Amino acid sequence: MFELDITKSAHSRIYLYTIFNLAGLIIYVVPLKGLVQLAMSSHLYSHIFLIPVISAFLCYTQKEAIFASPAYSIREGGAVIFASLALYAFAALNQHRLNGNDYLTVTSLSAVGWWLGGFILVYGWQSFRKASFPLLFLF
């Protein structure tokens, strides 16, 4: 019975984080399209596609330690999400002042912050600390 509750909790966290990620894709669709176009148009940026794959692989290899004791961290995760959205708003309001590379950099930073904040919100600060290298590798 206890294991069923753990499984149910794990599934609810996965669903919540999946919904959060889908919301992030909707919010950041324009900058992500720009990032993909940049990576496809220049061999100098082609490594951009590998970074999330490497990060996911590193998280997968450490999954037992990372997800050993998940806990919601609303305050910490919410702060990171708020900062990311504020950064995105700054970029949107100053898009005419920023050149294309700067705008893409700021919005990409905001998107990564959104996903890190969501991870902290759903899985907790301790899980984030255990996954800090693979997750911060996204920067």
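Predicted model: local features only at pLDDT ≥ 70, side-chain atom pairs only at ≥ 80, totals over all residues.
With a relative accessibility of 9%, Ser 73 counts as buried, because the cut-off for burial is under 20% relative accessible area. Leaving out residues up to four places away in sequence, Ser 73 touches Gly 78, Ile 120, Leu 121, Gly 124 and Trp 125. The C-alpha atom of Ser 73 is separated by 30 Å from that of Leu 93, although the two residues are 20 apart along the chain.

## The chain as a whole

The chain has 139 residues, of which 32% count as buried. Its secondary structure comes to eight helices and zero strands, so that the order of elements from the N terminus on reads α-α-α-α-α-α-α-α. Along the principal axes, the C-alpha trace spans about 55 × 30 × 20 Å.

Among contacts between residues at least 6 apart in sequence, 76% join residues at least 24 apart.

## Helix H5

Helix H5 covers residues 74-93. Its 20 residues should span 28 Å at 1.5 Å a residue, and the C-alpha atoms at its ends are 27 Å apart, which agrees. The buried residues of H5 are Gly 77, Ile 81, Ser 84, Tyr 88 and Ala 91. Seen down the helix axis, these buried residues fall within an arc of 80°, so they line one face of H5. In general, an α-helix has 3.6 residues a turn, so residues three or four places apart point the same way. On the other side of H5, Arg 75, Phe 82 and Leu 93 are exposed.

Gly 77, one of the residues in helix H5, is buried with a relative accessible area of 0%. Apart from its neighbours within four places in sequence, Gly 77 is in contact with Gly 117, Ile 120 and Leu 121. Ile 120 and Leu 121 are also among the residues that Ser 73 touches. Trp 114 lies 37 residues from Gly 77 along the chain, and the C-alpha atoms of these two residues are separated by 9.1 Å.

## Helix H2

Helix H2 has 13 residues. From its first C-alpha to its last it reaches 18 Å, close to the 18 Å expected at 1.5 Å a residue. Pro 31, Leu 35 and Ala 39 are buried in H2. They cover an arc of only 75° around the axis, which puts them on the same side of H2. The buried residues of H2 pack against H5 and H6. On the other side of H2, Val 30, Lys 33, Gln 37, Met 40 and Ser 41 are exposed.

His 43 is exposed, with a relative accessible area of 69%. Between His 43 and Ser 55 there are 21 Å in space, C-alpha to C-alpha, for a separation of twelve residues in sequence.

## The packing of H2 and H6

Helix H2 (residues 29-41) packs with helix H6 (residues 100-123) at an angle of about 115°, and the two axes are 9 Å apart. The crossing of H2 and H6 is left-handed. H2 contributes Pro 31, Leu 32, Gly 34, Leu 35 and Leu 38 to the contact, while H6 contributes Leu 104, Thr 107, Ser 108 and Trp 115. By type, the residues of this contact of H2 with H6 divide into six nonpolar, three polar and no charged. Pro 31 and Leu 35, which belong to this contact, are also among the buried residues of H2.

## Phe 128 in helix H7

Phe 128 lies in helix H7 (residues 125-130). At 10% relative accessibility, Phe 128 counts as buried. With neighbours within four places in sequence left aside, Phe 128 is in contact with Leu 116, Phe 119, Ile 120, Leu 135 and Leu 136. Phe 139 is eleven residues from Phe 128 along the chain, and their C-alpha atoms are separated by 15 Å.

Definitions and conventions:
Residues numbered from 1 in each chain as written. Heavy atoms only, no water. Helix = DSSP H or I, 4+ residues; strand = E, 2+ residues; numbered from the N terminus. Expected span 1.5 Å × (residues − 1). Buried < 20%, exposed > 50% of the residue type's maximum accessible area, 1.4 Å probe, protein only. Arc of directions from axis to C-beta. Axes fitted to C-alpha atoms, helices over the stretch in contact; angles between N-to-C directions. Left-handed = near helix turned anticlockwise from the far one by under 90°. Contact = heavy atoms within 4.5 Å. Nonpolar A, V, L, I, M, F, W, Y, C, P; charged D, E, K, R; others polar.
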